[in-house]
Amino acid sequence: RTGSVAPKPHAGGPPRLLDAEAEARLLKLVQDQPDTTLAELRDRLGVQCNIMTIFRALERNNITRKKKTCHATEQDSPQVQVQRLEFQEKLASVDPDRLVFIDETGANTAMSRTHGRAPAGERVQGTVPGAWDNVTLISGLRTSGVVAPLAVAGAMDRDVFDTYVKQVLVPNLHAGDIVVWDHLSAHNSDVAVAAIEAIGATVLALPVYSPDLSPIEEMHSKVKAGLRTIAARSVDTVIAAMGTVLNAVRTSDILGWFRDRCSYAMHA
């Protein structure tokens, strides 16, 4: 009739099963319980639809599935909240370049990547040693880079920690630095505190149940991912792998971790 071969305008397809009101209720359900499954969301919404309808509605609203980040229930107590606020206020006026965060992370000789690929319906097979040895990495992190790393076979105790502070950490500190660590029992050492204060630095403990206020936690996540990739199978090779992974930490990584976990002291 028109002589044109252009297609007709799209008719818009079938109407959405979830109107604006239903989508608003869906988003409220997700907000109330973020780990609800698609099937549970559909059932609670009370709309007869496929779970892909729920998936697409969430996708339209930029809601994606991701790993949960959990914190200790005790962190929500009024007492701990006051400690967290006081800690952040205390460091709000401090030069972030003066902060040195100290923490340990554990590894072993049986680490490997946790995910892989296989045909649908089949498991991803792998092998790891049935017996393994543990290795502890303790290190410091400041805005300029990783400082004073030390790897030791076995677990951390008071004697190892005191030796680390006096022989490894203190030579890398300067007067005016603020050393921040958590409440691990090995850290409650008058000897370690005295060694740090002797050079003009100070020690400040994190609030209890507050690892999220320390950027070194994110560095340790990167370290463990690297160790799973390398999959070292002896204490010596695990220690060597720790050095390899720490050398791969970039300044941009560190600044990102500080902005995320240490925003209370980042003035720019």
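**Entry 1**

I started with D32, which is exposed at 52% relative accessibility. My cut-offs: buried is under 20% relative accessible area, exposed is over 50%, and partly exposed is in between, with a 1.4 Å probe and protein chains only. This is a predicted model, where local features need pLDDT of at least 70, side-chain atom pairs count only at pLDDT 80 or more, and totals for chains, interfaces and linings use all residues. Residues are numbered from 1 along each chain as its sequence is written, and side-chain values use heavy atoms, with hydrogens and water left out.

What does D32 pair with in a salt bridge? I found K28, at 2.9 Å from N to O. By salt bridge I mean a side-chain nitrogen of Lys or Arg within 4 Å of a carboxyl oxygen of Asp or Glu. K28 is partly exposed, at 43%. D32 and K28 both sit in helix α1, 4 residues apart, which is about one turn. Helices (H or I, at least four residues) and strands (E, at least two) are DSSP runs, numbered from the N terminus. I noted the background too: an α-helix has 3.6 residues a turn, so residues three or four places apart point the same way.

D177 is in the loop between α5 and β4 and R142 is in strand β2, so the pair ties together parts 35 residues apart in sequence. Buried or exposed? D177 is buried, with a relative accessible area of 1%, and R142 is buried too, at 7%.

I also looked up D253, which bridges to R250 with the closest N and O atoms 3.3 Å apart. D253 is buried at 14%, whereas R250 is exposed at 51%. Then I saw that salt bridges with shared partners join R98, R142 and D177 into one network.

**Entry 1: helix α5**

Which residues of α5 (residues 158-169) are buried? I listed F161, D162, Y164, V165 and L169. Down the axis of α5 they fall within an arc of 160°, so they line one face of the helix; the arc is that of the directions from the helix axis to the C-beta atoms. The face turned away from that buried side carries the exposed D159 and Q167.

The buried residues of α5 pack against β1 (99-108), β2 (134-142), β3 (145-153), β4 (178-181) and α6 (190-197). Contact here means heavy atoms within 4.5 Å.

**Entry 2: helix α3**

I moved on to α3, where T53, I54, A57 and L58 are buried. They fall within an arc of 135° seen down the axis, so they line one face of α3. Their cover includes α1 (20-32) and α2 (38-45). After α3 comes N62, with a positive phi near 60°.

F55 also belongs to α3 (residues 51-60), but F55 is partly exposed, at 37%.

R44 is in helix α2 and is partly exposed at 45%. Which residues does R44 contact, leaving aside neighbours within four places in sequence? I found L29, Q33 and T36.

E218 is in α7 (residues 216-230) and counts as buried at 18%. Not counting residues up to four places away in sequence, E218 touches W257, D260 and R261.
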